[in-house]
Amino acid sequence: MFPSATNPNCMPRLSLVIMLATLLISTNASALPEDKDQPIKIAADTAVRDEKQGTTVYSGNVRMNQGTLNIDADTITIYHTGEDASRIVATGTPAQLEQQPEIDKALLKAEAATIEYFKNEERVQLREAARIEQDGSIVTGDTIDYFMAEQLVKADSSARDTGNRVEVVIPAQTVQENQ
């Protein structure tokens, strides 16, 4: 199914798979520039702001929008450091994220039981049944970390515990275009 890292004849194909998986996610760092300038809008059944703890918890059918970024979750918790949000955690069954990375690119769609954004690290982590899809390319695993500044994707599985593996699906058209 996937190229074997132990077969030296498959190494060029394995490199292509890794490169394409990285390209799949790397466009998220260059999301539409207008997105960061848009207001954040959150709709939920309830919202609780705890000034002492520096958190705001939105729960019940939560929808968060900022430009083309949309997150749907059961709960979104925003951790504040001063005025800024330093960490955002979305949980759901699953929590879902989608964003238009560039005008001429397909929507990037991600889902996991937990989607966590670490502002200071410029990192997004998807945990538990993590999945990212764009233009027919799919990466799945138990956890997927996306390091925005480095445009680096790291997918892991807990094969030792559950037998799960990281899986990458690359449409035939994409493979043919890169040959």
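Reader: In which sense do strand 4 and strand 5 pair, and over how many bridges?

Author: They pair in the antiparallel sense, over 10 bridges. Strands pair if DSSP finds at least two bridges between them, so these two qualify. Strands themselves are DSSP runs of E, at least two residues, and are numbered from the N terminus. Strand 5 covers residues 84-99. A word on the source: this is a predicted model, where local features need pLDDT of at least 70, side-chain atom pairs count only at pLDDT 80 or more, and totals for chains, interfaces and linings use all residues. Residues are numbered from 1 along each chain as its sequence is written, and side-chain values use heavy atoms, with hydrogens and water left out.

Reader: What lies between strand 4 and strand 5 in their hairpin?

Author: The hairpin has 2 residues between the strands. G82 takes a positive phi there, near 70°.

Reader: Where is T77, and what does T77 stand opposite?

Author: T77 is in strand 4, residues 69-81. Opposite T77 stands V89 in strand 5.

Reader: Why is T77 called buried?

Author: Its relative accessibility is 12%. Buried means under 20% relative accessible area, exposed means over 50%, and partly exposed is in between (1.4 Å probe, protein chains only). So T77 counts as buried.

Reader: Which residues does T77 touch?

Author: Leaving out residues up to four places away in sequence, T77 touches T55, T56, V57, R87, I88 and V89. Contact means heavy atoms within 4.5 Å.

Reader: What makes E116 and R127 a salt bridge?

Author: Their closest N and O atoms are 2.7 Å apart. A salt bridge needs a side-chain nitrogen of Lys or Arg within 4 Å of a carboxyl oxygen of Asp or Glu. The pair therefore qualifies. This pair links distant parts of the chain: E116 is in strand 6 (residues 108-118), R127 is in strand 7 (residues 123-134), and they are 11 residues apart.

Reader: Which residues are linked with them in a network of salt bridges?

Author: R87 is linked with E116 and R127 in that network. The structure holds 8 salt bridges.

Reader: How do you know that K154 and D156 form a salt bridge?

Author: Their closest N and O atoms are 3.8 Å apart. That is within the 4 Å limit, so the label holds. K154 counts as partly exposed at 43%. D156 does too, at 30%.

Reader: Where does the charged end of R87 sit?

Author: The charged end of R87 sits over the ring of Y79, 3.9 Å from its centre. The rule asks for NZ of Lys or CZ of Arg within 6 Å of the ring centre and within 35 degrees of the ring normal. The charged end of R123 sits over the ring of F118, 4.1 Å from its centre. F118 is also the bridge partner of R87 in strand 6.

Reader: What does E122 touch?

Author: E122 touches Y146, F147, M148 and A149, not counting residues up to four places away in sequence. E122 lies in the loop between strand 6 and strand 7.

Note on methods: Helix = DSSP H or I, 4+ residues; strand = E, 2+ residues; numbered from the N terminus.
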